[in-house]
Every structure is written in structure tokens, then in C-alpha cells.
Amino acid sequence: MERHVIIGTAGHIDHGKTTLIKALTGRDTDRLKEEKARGITIDLGFTWMDLTDGERVGIIDVPGHEKFISNMTAGVVGMDLVLLVIAADEGVMPQTREHLEILRLLGVENILVVLNKCDLVDEEWLEMVEQQICEEMQQLLTVGQRNDQVEDKLEYNVDIVRVSAKSGAGIEELRSQILKCVKKQKEMWKIPAFPRLPVDRVFSIKGSGTVVTGTLLDGKIHSGDRVMIYPQQTSCRVRGVQVHEQEAEACEAGQRSALNLVQTDRRQSSDGKFVYRGNVIAPEGSMKVSRYVNAKLTLLPQSKRSVEHQTRLHFYSGTTEVLCRAVPLSCEKVEPGESAYVQLRLEESAAFCPGDRFIVRFYSPLETIGGGIILEMGEKKERKYHDGVLQRLELLENNLWNQENKCSKEIPDQEKSLQEQISLEKRIMDELESWLSAHPYRRGMPKTVLFNQISKGKKEQNREIQKCLILLEEHGNVGCIRLQQENSSIELISPEGYKVKETEEVSKLREIFASQSDENKVFFLNKVELETFFESARKTKKKSGIQSQDELMEILNYMQEENEITEVCESVYTTTEITFKIRTEVSRMLSVSKVITLSQVKEVFQTSRKNARLIFEYTDRIGFTAKEGAQTERSAGNKLQREQIRGKQGESE
């Protein structure tokens with residue numbers, strides 16, 4: 001799987017970042033009216049450019065003003081190369097330093113300094129500014145780094161390219177330097193993990209619905225994939241994918257991507273939205289949600305603030321911004337220039353991965369004081385100075401540094417782990433083949449059934465199975481679909497490209513339901529009646545293809561998954577068109593009357609009392625109605641009440 005490069009900008013306000021990008025790409029990344037009116041970048045801007053070797057890279061233009069540091073932090077996530085833009089006539093400025101500090105704390109190593117506006121000053125001044133830049137970079141070399149990483153590094157080789165974005169001078173040389181840096185970065189990439197997209201923008205498009213944008217950090221997301229929104233853990237489906245403003249079948253790691261999402265479960269917030277900036281899109285079960293983040297925190301040497309027990313901070317990681325309380329675990333107080341293990345107790349739940357970088361800013365006054373690396377998502381409040389906790393965090397830190405620096409790659413149990421993974425993959429594929437052979441009318445094996453078959457009830461193994469499924473899906477071995485069925489949803493796993501083979505028996509069952517359909521009436525068929533139909537077919541055709549009740553139930557399940565029929569109550573079925581009509585009419589009746597009766601339902605649907613009872617059984621089951629007083633009376637159920645509230649909110653908007 002290919003990974004793509006993301007280039008970002010950083011630098012002080014009005015040093016020419018947006019103008020530089022326009023000179024490189026021919027496109028203006030300022031998209032907000034306020035940005036154009038004020039001449040500064042407020043939010044993240046996105047575009048792309050094609051390198052001389054034909055590769056297309058994404059570009060993120062981040063704001064430079066101090067007020068918009070949170071947006072700048074969000075923009076850094078996923079960046080492979082940063083163009084640090086410094087105006088030659090002003091040199092290193094306050095936001096230049098703060099951006100550099102943030103980049104170092106967030107682990108961005110690949111930085112190319114672009115000295116802009118060189119046509120405004122003379123050679124002597126340029127040399128002085130370049131010397132200043134080298135000194136600043138050297139001073140910030142050790143920010144966020146461990147002592148064993150910076151030994152003997154007495155000089156920092158700073159790559160500086162002189163340009164004038166306004167006149168175009170030096171732009172071609174800059175393109176060449178960018179290409180060199182991109183090739184260098186590709187050599188440093190780590191093994192890809194599961195797909196993860198931190199959301200930096202959310203908006204709606206008429207006729208399409210909700211669209212989110214972000215940089216895909218790892219993996220691949222296809223149109224049609226089922227994903228989860230964290231930390232809410234809301235399931236949704238990817239209706240469509242765009243990369244660089246063009247429709248695509250999938251987006252890959254490193255690409256600026258837009259996903260058109262369709263919510264597939266019923267949970268949502270009181271304002272009707274189900275996804276926000278700061279959320280993360282990832283596979284179901286791939287991320288841990290918690291309010292406790294155990295981390296290694298480093299404070300900037302020049303910071304005037306220290307972090308004590310319960311110090312309140314602004315926490316930024318990826319596109320997530322949340323308030324937290326910091327609790328030092330390995331010391332009483334973290335002083336400027338020091339590092340320590342801490343637990344950050346967030347004021348809202350969030351989802352991160354070990355190895356994610358973060359920034360903290362003082363609560364008031366708002367200023368960047370440090371940052372660090374997330375070691376784990378905690379499960380509870382940790383005690384200070386606890387030997388077991390500190391040893392665990394040290395081990396986690398060492399493992400992360402080893403992975404990042406590509407040292408200690410030889411893991412003693414690596415071969416054993418690989419064999420276990422291969423064995424588990426084979427077990428999953430064998431279980432799928434066996435189950436689908438026994439259930440030929442199912443679109444896939446229920447995920448919960450697959451887990452139970454393999455883990456035999458040992459829940460601790462489910463996480464490994466989930467990881468294996470993610471890899472199998474990325475490699476194109478399996479597919480995953482989620483089916484919504486009234487109040488619940490079911491996730492099915494099947495070999496990639498698997499399809500149910502249509503049979504004469506399925507066609508016959510469709511004919512049976514079609515023969516009963518009438519626009520002006522409701523009808524219900526129970527299992528006994530359906531068996532009678534097939535018994536009649538057996539007599540006329542001498543043999544029926546359906547040989548057992550189990551086979552009949554399999555076909556009925558298949559037709560439900562295809563959204564052709566609905567089981568209104570146990571072993572009683574009707575078409576989905578009729579259940580839609582039932583929900584619509586009952587909702588209308590309860591909008592004008594708090595209580596409806598069996599007789600009213602019988603009259604409205606022009607049906608029998610027996611069918612009216614079945615209608616109530618169905619609406620009770622899906623939460624549209626609830627018993628009120630007598631057995632024959634119903635009021636609005638919880639589900640219908642929520643829909644009515646959302647409808648009123650929509651009208652008021």
C-alpha cells in the first residue's frame with residue numbers, strides 16, 4: 001500500500017506562507033472571507049502540488065498568529081515535511097520560535113527553512129539572518145528529546161533556501177530541495193498501522209449530507225467501508241471519498257481526504273450532529289476511549305511555568321483540543337526544561353494511540369509551555385511514586401523510542417508472533433468458509449459469532465482478532481458490512497467479493513410476498529403459512545427446493561438483510577414498504593393525539609382486528625409505541641418521542 005507525503009507550513013504572521021504556497025501551486029489556500037479581508041490565515045488551508053518526479057503531495061497552510069495556535073497544532077498532525085517560512089526583513093519572530101517549539105515537541109524532524117522576501121534586503125543582512133536561524137535551531141535541538149539521543153550532536157545542519165514568493169525568485173530551487181526532503185522522509189517511514197483520520201473540518205452538502213476532512217495518518221479507507229467515530233464510538237458508513245477535490249475509490253495514508261459519512265446507528269447529540277472537529281475516524285474496536293492519558297511530559301526550557309499536582313492545562317493532540325488536569329507521577333513538580341511521567345486527566349473523553357504527540361498550553365494566560373508523547377490510555381487515576389506504574393511507563397517509553405528510531409528492531413518473539421498472526425488469519429478464513437458453506441443465504445458471518453467461534457468466550461483474545469481482521473481487510477482478503485435492522489445493527493464479515501447466489505427458492509418466496517401485496521391493505525405472513533405455500537408447490541411440481549424449516553429461515557433472513565421484508569414479531573413477516581407505511585401512519589396519528597386505540601388503527605389501515613394487534617406488536621417492539629392504560633391503548637414510545645423532538649428542532653432551525 002502506497003503512502004503519500006504531506007507538506008506543511010509554519011512561521012510568524014505575515015511572513016508569506018500563503019503567498020509561498022500560491023507561488024508553488026498556483027492556488028490560494030485562504031478560503032474564508034475573513035481571511036481575505038484581514039490578510040491572514042485563520043483556519044487551515046489545503047491544496048497540493050506535483051513534484052518533478054510526478055508524485056503529487058498534499059500541502060497544509062497553517063495560521064501563524066498567536067491567537068490561532070490551536071489550528072496550527074491541528075495542522076501539524078500527519079505532516080512529513082515542514083516549510084518553516086521566515087521573512088528576511090524581520091528574521092526570527094515570537095511565533096517563529098513558538099512554531100519551532102511545537103514542531104520539535106510533536107516530533108517533526110524534517111524541516112526546511114524558507115527565507116522569504118529576500119529581494120527586500122542586502123546580502124550582509126541575509127547572512128546575519130541565516131546565522132540567527134542556525135542559532136535558534138541549535139537551541140531547540142534538544143526540545144522533547146532524551147539525553148541519549150542528543151549526545152555528541154554539537155551542530156545542527158540547517159537547510160535554508162532563499163526565495164521571493166512575490167517575484168518567483170528561488171522557487172525552482174525550492175522545488176528541488178522539497179523533492180530531496182521528500183525522498184529522505186520516505187526512508188524514515190514506519191510500518192503502517194490501522195487507518196486513522198483526525199477530523200479537522202465538518203460541513204454539510206445538500207443532497208449528500210455530512211462531510212469530514214483530515215489527513216489520513218495510516219492505512220486506507222474505501223468508499224463503502226464501515227468505520228467508527230471516536231470518542232463517541234458512533235458507527236457510520238463512508239458513502240464517498242474525495243482526494244484533492246476529486247472522487248476516489250479510496251484514500252491512502254498521507255493523503256488529504258474528504259469523507260462523506262452516513263450514520264448507521266441511532267446515537268447522536270442533542271443538537272442532531274454526530275461528528276465534530278477533533279473526532280477521529282477509525283475502524284471499530286481499534287481505539288481506546290478514556291479520560292486518562294499517561295504520558296511523558298517535557299516543559300520548554302524558556303517557559304516561566306511549572307506543572308504541579310492538578311495544574312489545569314489546555315491539551316492539544318492531532319485535531320483534539322480539551323482541558324485537563326496534570327498530575328506528575330514521578331516528581332512533585334515539573335520545572336521548565338525538565339521531563340517527567342504524568343497523568344493528564346481530561347475533562348472530556350478522547351481517543352489516542354500510544355506514540356501520539358501532544359502540546360500543552362497554560363490555562364491562563366494562554367501560552368505554550370511544553371508537550372510530549374502519549375504512552376497509554378489509562379483506565380483509572382494513577383498514584384504518585386508507584387513503582388509498578390513508573391516501571392510500566394518506562395517500559396512503554398523505551399518501546400516507543402525503539403520503534404521511532406528504528407533501533408532494537410530485532411524482537412526476540414518476533415518470529416513467533418508472525419507465525420501466530422499467520423495462524424490466526426488462516427483460522428479466520430477457514431471459519432468464514434465453513435460458516436458460509438453451512439449458511440449459503442447469508443451475506444456474511446456475524447462478527448460476534450466469528451469472535452465466539454475463535455476465542456471460545458475468552459474476551460481477551462478479541463482484540464487480537466480485531467487487529468487481524470483490520471489487516472485482512474487492508475490486504476483485500478475480507479470485507480465488512482454493517483446492516484441496520486430497526487433498533488439494532490449487525491456487522492457481517494465475508495471473503496472479499498463474496499456474493500449470495502440467487503436461487504429458485506428465493507425467487508419463489510419473493511413471488512409469495514408479491515402475490516399478497518396490495519397498495520390499500522396491510523398483510524402479514526407467518527412461518528406456518530409460508531410452509532403451506534411451499535407444501536402446495538411440492539404437490540404441483542412434485543418437489544420443492546426448500547427441504548427444511550432451517551432452509552426457509554435462512555432465506556427469510558437473507559430477504560431481511562436485503563431490506564425486502566421485515567419480521568414484525570416472532571415468525572411473522574411483511575414487506576418493508578408496509579412497515580414504512582405503518583411507522584408513517586402511527587407517527588401521524590400520535591402527532592395529533594396523545595393516545596391511540598386498537599379500533600382507530602383497525603379503521604385507519606382498513607384491516608382486521610388481528611392485524612391491528614400485530615401492528616401494535618411491531619410498533620411496541622421498535623419503540624414507536626408504549627402501552628397506555630388499557631391493553632388496546634398506546635402512547636408515543638421513546639424512539640418516536642426522540643424523532644418528534646429532532647423534527648421540532650429541525651423546524652426551528
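The structure is a predicted model, in which local features need pLDDT of at least 70, side-chain atom pairs count only at pLDDT 80 or more, and totals for chains, interfaces and linings use all residues. Residues are numbered from 1 along each chain as its sequence is written, and side-chain values use heavy atoms, with hydrogens and water left out.

I begin with the overall composition. The secondary structure comprises 18 helices and 31 strands; these elements are DSSP runs numbered from the N terminus, helices being H or I of at least four residues and strands E of at least two. Of the 653 residues in the protein, 50% are buried. Here buried means under 20% relative accessible area, exposed means over 50%, and partly exposed lies in between, with a 1.4 Å probe and protein chains only. Contacts, defined as heavy atoms within 4.5 Å, can be sorted by separation in sequence. Among those between residues at least 6 apart, 66% join residues at least 24 apart.

I turn to the nonpolar cores. In soluble globular proteins, nonpolar side chains tend to be buried together. A nonpolar core is a set of buried Ala, Val, Leu, Ile, Met, Phe, Trp, Tyr and Cys residues joined through side-chain atoms within 4.5 Å. The largest such core has 39 residues, and those touching the most other members are L509, F513, F524, L530, L556, I582 and V601. Two or more residues of this core come from each of α12 (504–516), α14 (549–561), β27 (565–569), β28 (572–575), α15 (576–592), α16 (598–605) and α17 (609–621). A second, separate core holds 24 residues, including F315, C324, L346 and F362.

S317 is found in strand β18, residues 311–317, and has a relative accessible area of 4%. Which residues does S317 touch, not counting those up to four places away in sequence? They are F352, D356, R357, F358 and I374.

Next, the sheets. Strands of a sheet pair through backbone hydrogen bonds, either parallel or antiparallel. Two strands are taken as paired if DSSP finds at least two bridges between them. An open sheet of 3 strands has the order β29-β31-β30, with antiparallel pairing. β29 (596–597) and β30 (625–628) stand at its edges, each with a single partner strand, so one side of each is left without a neighbour in the sheet. β29 pairs with β31 over 2 bridges, and T597 stands opposite E633 in β31. Between β30 and β31 (residues 630–636) there are 4 bridges; K627 stands opposite R634, and A626 opposite S635. The hairpin of β30 and β31 has 1 residue between the strands, and G629 takes a positive phi near 70°.

A further hairpin is formed by β8 and β9, with 3 residues between them, and G207 in the turn has a positive phi of about 90°. Its strands, residues 201–205 and 209–215, run antiparallel and are joined by 5 bridges. S204 stands opposite T210 in β9.

Most residues other than glycine have a negative phi, and most peptide bonds are trans. The bond from Y230 to P231 is cis, with omega near 10°, and P231 lies in the loop between β11 and β12 (234–243). Q233, in the loop between β11 and β12, has a positive phi of about 60° although it is not a glycine. Q233 is partly exposed, with a relative accessible area of 35%. The bond from S364 to P365 is also cis, with omega near 0°.
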